[in-house]
Amino acid sequence: MIGEYTETELHKLHEALHKIMGEIIRVCQLLHIPYFIQGGTAIGAYYEQDILPWDDDIDIGLTRENYERFLKEAPAVLREEFFLQHFTTDPHTPFYFSKLMLRGTTFTEADFASLDIQRGIFIDIFPFDKVPDTRWLQSAHRYYCNFLNGCFMAKDIWQWRYIRKCQVEKPRNTGWLQCLVIWMVCKLFSKEFIYRRLSAAQALFNKGRHEYYNMVLMPKDHISVQSIENPQLMQLGPNMVWAPSDLYTYLNHHYSGLQRHVPKEKQRNHHPAFLDFGNL
């Protein structure tokens with residue numbers, strides 16, 4: 001297990017996450033924007049009807065069109081206690097995706113502790129795009145998008161052992177030549193330009209009749225188009241949330257050896273370097 005929480009900390013953290021999720025539900029209903037839970041959050045809904053007992057986050061996805069709408073329209077209707085973090089609202093955030101944060105709280109991830117960014121307890125919001133049907137093309141697509149994502153992140157934090165001083169505890173396994181190319185791209189182009197190229201690359205196959213959506217940067221996060229376009233309502237703690245319809249097929253593909261009871265040594269979370277619940 002990556003990090004140990006006390007029982008009280010986990011309870012309060014889950015309480016905060018459910019509060020943020022409630023705001024996402026409210027905003028998406030108001031704006032008529034479909035979303036769906038994914039990743040470990042979907043495992044929790046499937047087995048526990050709640051966040052997994054050891055987990056410390058919620059992940060949701062939106063198809064590219066709905067994600068762009070959310071970024072554009074949600075800030076105007078969010079309640080004041082929430083902040084939508086994206087590089088357009090928090091310039092030094094190194095993430096291509098967005099986070100909805102609870103103001104007045106702190107959740108500091110160790111690798112990003114040196115950055116001048118907002119640090120509230122958050123829910124990750126990911127854009128999902130269609131991916132090609134052949135494995136070799138999926139691999140090429142993923143490789144190119146990960147390269148651009150590396151360039152995007154490198155504008156604010158250097159994660160490699162070559163060219164510049166590494167700013168994270170565990171450097172990425174990337175060769176000297178690719179590090180040089182990343183450094184050159186960062187010198188030549190703005191963060192906004194790289195982001196536009198990355199978004200366009202991720203969305204490259206969206207107009208085609210492909211079978212799966214994916215976060216693109218991840219190899220196994222395939223969710224069928226049909227499952228996303230025909231979602232189901234499921235319980236997640238105090239909230240009813242939308243999930244892909246064929247949830248077991250997605251989860252079984254994404255998580256090999258899917259099981260309800262996971263040995264403690266295999267449980268994973270994002271235990272922060274610093275955690276503060278503010279007035280919760």
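How much space lies in the second largest cavity? The second largest cavity holds about 50 Å³. The model is a predicted one, in which local features need pLDDT of at least 70 and side-chain atom pairs count only at pLDDT 80 or more, while totals for chains, interfaces and linings use all residues. Residues are numbered from 1 along each chain as its sequence is written, and side-chain values use heavy atoms, with hydrogens and water left out.

**Cavities**

- A cavity is a set of points, on a 1 Å grid over the protein atoms alone, where a 1.4 Å probe fits but cannot get out; lining residues have an atom within 4 Å of a point.
- Grid points are joined across faces, edges and corners, and a volume is the space filled by probe spheres set on the points.
- The structure contains 2 cavities of 30 Å³ or more.
- The volume of the largest cavity is about 70 Å³.
- Its lining consists of Gln85, Phe95, Lys99, Met101, Phe107, Thr108, Glu109, Phe112, Ile117, Gln118 and Arg119.
- E4 and E5 are the elements that give two or more residues to the lining of the largest cavity; helices (H or I, at least four residues) and strands (E, at least two) are DSSP runs, numbered from the N terminus.
- By class, 5 nonpolar, 3 polar and 3 charged residues line the largest cavity; Ala, Val, Leu, Ile, Met, Phe, Trp, Tyr, Cys and Pro count as nonpolar, Asp, Glu, Lys and Arg as charged, and the others, Gly among them, as polar.
- The second largest cavity is lined by Val131, Gln138, Arg142, Asn214, Val216, Met218 and His222, of which 3 are nonpolar, 3 polar and 1 charged.

**The largest pocket**

- The largest pocket has a volume of about 1700 Å³; a pocket is an open set of points with protein on both sides within 12 Å along at least five of seven lines.
- It is lined by 47 residues, and those closest to its centre are Asp57, Met218, Arg268, Asn269 and His270.
- At least two residues of this lining come from each of helix H2 (40–47), E6 and H4.
- The lining of the largest pocket divides into 20 nonpolar, 14 polar and 13 charged residues.

**Aromatic pairs**

- A search of the whole structure gives 13 aromatic pairs; rings of Phe, Tyr and Trp (its six-membered ring) pair if their centres lie within 6.5 Å, and planes under 30 degrees apart count as stacked, over 60 as edge-to-face and the rest as tilted.
- Phe87 and Phe152 form an edge-to-face pair, because their ring centres are 5.5 Å apart and their planes stand at 85°.
- Phe87 lies in the loop between strand E3 (82–85) and strand E4 (98–102) and Phe152 in helix H4 (residues 135–154), so this pair ties together parts that are 65 residues apart in sequence.
- Phe87 and Phe152 are both buried; buried means under 20% relative accessible area, exposed over 50% and partly exposed in between (1.4 Å probe, protein chains only).
- The rings of Phe107 and Phe122 also form an edge-to-face pair, with centres 5.5 Å apart and planes at 85°.
- Phe107 belongs to strand E5 (residues 106–108) and Phe122 to strand E6 (residues 121–131), 15 residues apart.
- Phe107 is buried at a relative accessible area of 4%, and Phe122 is buried at 8% relative accessibility.
- Phe95, Tyr96, Phe97, Phe112 and Phe126 are linked by ring pairs into a cluster.

**Lys99 and the rings**

- The charged end of Lys99 sits over the ring of Phe95, 4.5 Å from its centre; a charge sits over a ring if NZ of Lys or CZ of Arg is within 6 Å of the ring centre and within 35 degrees of the ring normal.
- Lys99 also lies over the face of Phe122, at 3.6 Å from the ring centre.

**Strand E3**

- Both faces of E3 are covered, with Phe82 and Leu84 buried on one side and Phe83 and Gln85 buried on the other.
- E3 pairs with E4 in the antiparallel sense over 4 bridges; two strands pair if DSSP finds at least two bridges between them.
- Met101 in E4 stands opposite Phe83.

**Positive phi values**

- Most residues other than glycine have a negative phi.
- Gln49 has a positive phi, near 55°, and lies in the loop between H2 and strand E2 (59–63).
- Gln49 is partly exposed, at 39% relative accessibility.
- Ile163, which is not a glycine, has a positive phi of about 75°.
- Ile163 is placed in the loop between H4 and helix H5 (176–188) and is partly exposed at 35% relative accessibility.
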